[in-house]
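This report walks through one protein chain, from single residues to the whole fold. Please keep the sequence and the model in view while reading.

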Amino acid sequence: MSIKRFLSPVMTGALALAMVLPAHARDFRLGLITPPSHQWTQAAEAFANEVKEQSGGEHSIAIFPAQQLGNEAQMVQQLQTGALDMAFLTIAEISNRVPDFGALYAPYLVDNIDQAAALLRSDTAIELLDQLPAEAGLVGVGYGMAGMRQVMSRTAAKGPQDLAGKKLRITPFEPLRDFYIATGAAPTPLPLPAVYDALANGQIDAIDMDFDSILIFKFYERADNLLISNHMMFPMVGVVSGRVWKDLSKEDRQLFQTSMRKHLDGVIDHFQQQERQQEQQLRALDITIEEAGKDDFATAISDWEKIWSNKAKSLPSLRQAAAEIKAN
Ligand code: BEZ
């Protein structure tokens, strides 16, 4: 009797497919919080296309942007169980789990986007990624970034004194929260996709944001005062689930690493190149612009240091690497 008589047509089809495909052909999934138009999502798409092409169509990577798989905390949980294969994450969620990564958010660790790019490409920053498998169950493949952080507010702000008591939206992570508490503001954690409505309905008075997102999401329509402070860089990290990684062949690891690093590095280039032009775009809008620097935030910086010099052991080595970059 033929075995086919015991199998449904669907099962027969699945069996045939399994016999044709190599044993390790897989459909992977990559999650991220940014919308399809954002550069991080574009880079993820380019990475997926390259992997498909370079694996001769054997592997595919489906991209899930805009928090489709949940917020970053939920995505990290899925990565840890192996339910999600890869993600591009803000360092925010990573620093909530591995406090040493909070060092990357030291206020004025770097002064501008070029220094941020150089620091994220330094051995000191890259070595931080070695902590991720043991501490978070993730393999850190490389860094990307977004623009330097600025403040947009509904009423004019010339410096930290004008932020006192204001409900100020932050990306949900502790180093940023501690910085704004030190300025006297009332930090209000909100994920990126929730920010526009929160500004529109008056739930918040101000936001911590980069030039790029201010332009993409048109936040200036709801808060028309921009304080250019450049107070922090905003790294992103490309990760693969540790559980998924351990079952990958040497060739697949090599392919994912090489291709993901290339596209993450392209994100760094992109933000580096567009930062000044985006600043000019914002300056051309009908909004009020003020500027503040390290000296204006001196008290907040020193309060931040008191908390984070104990929590983030890599802070001195990152400061040293940043000092070398600034000196060159
Ligand atoms: C934010 O939370 O502000 C953010 C997240 C990802 C990209 C850019 C900004």
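## His 38 and the basis of the model

Is His 38 buried, partly exposed or exposed? His 38 counts as buried, at 2% relative accessibility. Buried means under 20% relative accessible area, exposed means over 50%, and partly exposed lies in between (1.4 Å probe, protein chains only). His 38 sits in the loop between strand S1 (27–31) and helix H2 (39–54). Helices (H or I, at least four residues) and strands (E, at least two) are DSSP runs, numbered from the N terminus. Setting aside neighbours within four places in sequence, His 38 is in contact with Asp 212, Ser 213, Ile 216 and Phe 271. Contact means heavy atoms within 4.5 Å.

The model is predicted: local features need pLDDT of at least 70, side-chain atom pairs count only at pLDDT 80 or more, and totals for chains, interfaces and linings use all residues. Residues are numbered from 1 along each chain as its sequence is written, and side-chain values use heavy atoms, with hydrogens and water left out.

## The chain as a whole

The chain holds 14 helices and eleven strands. Its C-alpha atoms fill a box of roughly 85 × 40 × 30 Å, taken along the principal axes.

Of the 328 residues, 51% count as buried. Among contacts with a separation of 6 or more, 76% come from residues 24 or more positions apart. The accessible surface is about 14500 Å², and 51% of it belongs to carbon and sulfur atoms. These areas come from the Shrake-Rupley method with a 1.4 Å probe; for residues, only the protein chains shown count as cover.

The chain carries 30 positive and 40 negative charges, and their mean positions are 6 Å apart. Lys and Arg count as positive, Asp and Glu as negative; His and the chain ends are not counted. Each charge is placed at NZ of Lys, CZ of Arg, CG of Asp or CD of Glu.

## Strand S5

Strand S5 (residues 149–153) is largely enclosed by the rest of the structure, because five of its five residues are buried. Arg 149, Val 151 and Ser 153 point one way. Gln 150 and Met 152 point the other way.

S5 pairs with strand S8 (residues 206–210) in the antiparallel sense, over five bridges. Two strands pair if DSSP finds at least two bridges between them. Ser 153 has Ala 206 as its bridge partner in S8. S5 also runs antiparallel to strand S9 (residues 225–228), joined by three bridges. There, Met 152 stands opposite Leu 226.

Helix H5 (residues 113–120) has six of its eight residues buried, so it is largely enclosed by the rest of the structure. The six are Ile 113, Gln 115, Ala 116, Ala 117, Leu 119 and Leu 120. Their cover includes helix H6 (123–128), strand S4 (138–146), strand S10 (234–241), H12 and helix H14 (315–327).

In helix H8 (residues 174–183), the buried residues are Pro 175, Leu 176, Asp 178, Phe 179, Tyr 180 and Thr 183. Cover for these residues includes S5, S8 and helix H4 (91–97). Strand S6 (167–170), strand S7 (186–189) and helix H13 (298–311) also contribute. Gly 184 follows H8, with a positive phi near 95 degrees.

Which residues other than glycine have a positive phi? Ala 66 is one of them, with phi near 55 degrees. Ala 66 lies in the loop between strand S2 (60–64) and helix H3 (72–81), and counts as partly exposed at 35% relative accessibility. Tyr 108 has a positive phi of about 60 degrees and is not a glycine. Tyr 108 lies in the loop between H4 and H5, and counts as buried at 5% relative accessibility.

Ala 194 belongs to the loop between S7 and helix H9 (195–200). At 29% relative accessibility, Ala 194 is partly exposed. Its C-alpha atom is 24 Å from that of Arg 29, 165 residues away along the chain.

Gln 281 is in helix H12 (residues 250–283) and is partly exposed, with a relative accessible area of 38%. Gln 281 and Phe 211 are 70 residues apart in sequence, yet 9.2 Å apart in space, C-alpha to C-alpha.
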